[in-house]
Amino acid sequence: MTYMSNNRHKNPHKYLAAPAAQSDLPTLLYATIDELRDGLDKGKFTSVHLTKAYIKRIEEVSQQLKAVIGVNTDALTIAAEKDKEREKAFANNIMLPLLHGIPVNLKDNIGTNDKMDNTAGSFALVGAKLRRDSTMAANLRKAGAIILAKDNLSQWAHWRGQYLPSGWSSIAGQCVGAFGGNPMGSSSGGGVVSAVGLTWASLGTETAGSIIYPAWYNNVVGIKPTIGLTSRYLVVPISGHHDTVGPMARTVKDAAALLNVMAGKDSNDKYTSLIPNNGKIPDYVAAY
């Protein structure tokens, strides 16, 4: 697992060093999917630039906020691959998926088959590796997204003990809310990273309030999908009857764009077989 360093930077929201003029670049604090997509498609910056910027932003606030457990050490390599794919697609007039080359975080109870651990915030799972991605991680990769980091959470999704504070894990310590104090819910890191520009958006999980509360407190958009709309395969569970995985982002449109990628049937989670309309997922962004 890669932990954050204690570097400091003078301009925390101006890291997109690229050929474009600084004034023509979105700030990480407010960047939406439309702004990031426009910048990548017009060559204002690359996925490598964007990923480096988010990593530096994580490094800057890691000691104060403790919102991230670990960064994917392959993130820059993956970003470079996405840049090559984009160049090839443009040369052949091929349209790329909306999330292609965009960094996204995961709550650290959502499994990935890579160099990152899958701890649920507990030392008991340090070094735990999976033979395959969770369905949520696989869906993101298929959409071209870059899985940037794993977010801190209330340990075991707040199931370690009755009186533990929200946002505390033995791995990363106490996550602090974007506006100070209690970050709320067990998807606490996801609410904070989306609020303060440590990634474009994040995936959280909810049993009873763990997406909605941190989204509310950290002033971002959180969607708790109907149970069975998103797969829980290889997500550390609390309750098979209540758990669901949902997006956390700065805007409704951004959260809807992420939900478009997440939702769908999965043979590994029988609850998803109940999705209506023969499993056809509507365009949530178009509905916005």
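## Where α4 meets α8

In this predicted model, Met-136, Asn-139 and Leu-140 of helix α4 are in contact (heavy atoms within 4.5 Å) with Leu-258, Val-261 and Met-262 of helix α8. The residues of this contact divide into five nonpolar, one polar and no charged, where Ala, Val, Leu, Ile, Met, Phe, Trp, Tyr, Cys and Pro count as nonpolar, Asp, Glu, Lys and Arg as charged, and the others, Gly among them, as polar. Helix α4 covers residues 135-142 and helix α8 residues 252-262, and the two pack at an angle of about 110° with their axes 8 Å apart, which makes α4 roughly perpendicular to α8. Axes are lines fitted to C-alpha atoms, for helices over the stretch in contact, and angles run from 0 to 180 degrees between N-to-C directions; under 35 degrees counts as roughly parallel, over 145 as roughly antiparallel, 65 to 115 as roughly perpendicular and the rest as oblique.

Eight of the 11 residues of α8 are buried (under 20% relative accessible area, with a 1.4 Å probe and protein chains only), so α8 is largely enclosed by the rest of the structure. Among them are Asp-254, Leu-258, Val-261 and Met-262. Just after α8, Gly-264 has a positive phi of about 145°.

## Where α2 meets α3

Helix α2 (residues 47-65) packs against helix α3 (residues 75-91) at an angle of about 155°, with their axes 8 Å apart, and the two are therefore roughly antiparallel to each other. The residues of this contact divide into six nonpolar, two polar and four charged. From α2 they include Val-48, Lys-52 and Ile-55, and from α3 they include Leu-76, Asp-83 and Arg-86.

## The chain as a whole

The chain has nine helices and eight strands, taken as DSSP runs numbered from the N terminus, with helices (H or I) of at least four residues and strands (E) of at least two. Its C-alpha trace spans about 50 × 50 × 35 Å along the principal axes, and 55% of its 288 residues count as buried. Among contacts between residues at least 6 apart in sequence, 71% join residues at least 24 apart.

## Confidence and conventions

The mean pLDDT (the predictor's confidence in each residue, from 0 to 100) is 91, and 91% of the residues reach 70 or more. Over residues 1-19, however, the pLDDT is below 50, although this stretch has 57 contacts in the model beyond near neighbours in sequence.

Residues are numbered from 1 along each chain as its sequence is written, and side-chain values use heavy atoms, leaving out hydrogens and water. Because the model is predicted, local features need pLDDT of at least 70 and side-chain atom pairs count only at pLDDT 80 or more, while totals for chains, interfaces and linings use all residues.

How values were computed
Buried means under 20% relative accessible area, exposed over 50%, partly exposed in between (1.4 Å probe, protein chains only).
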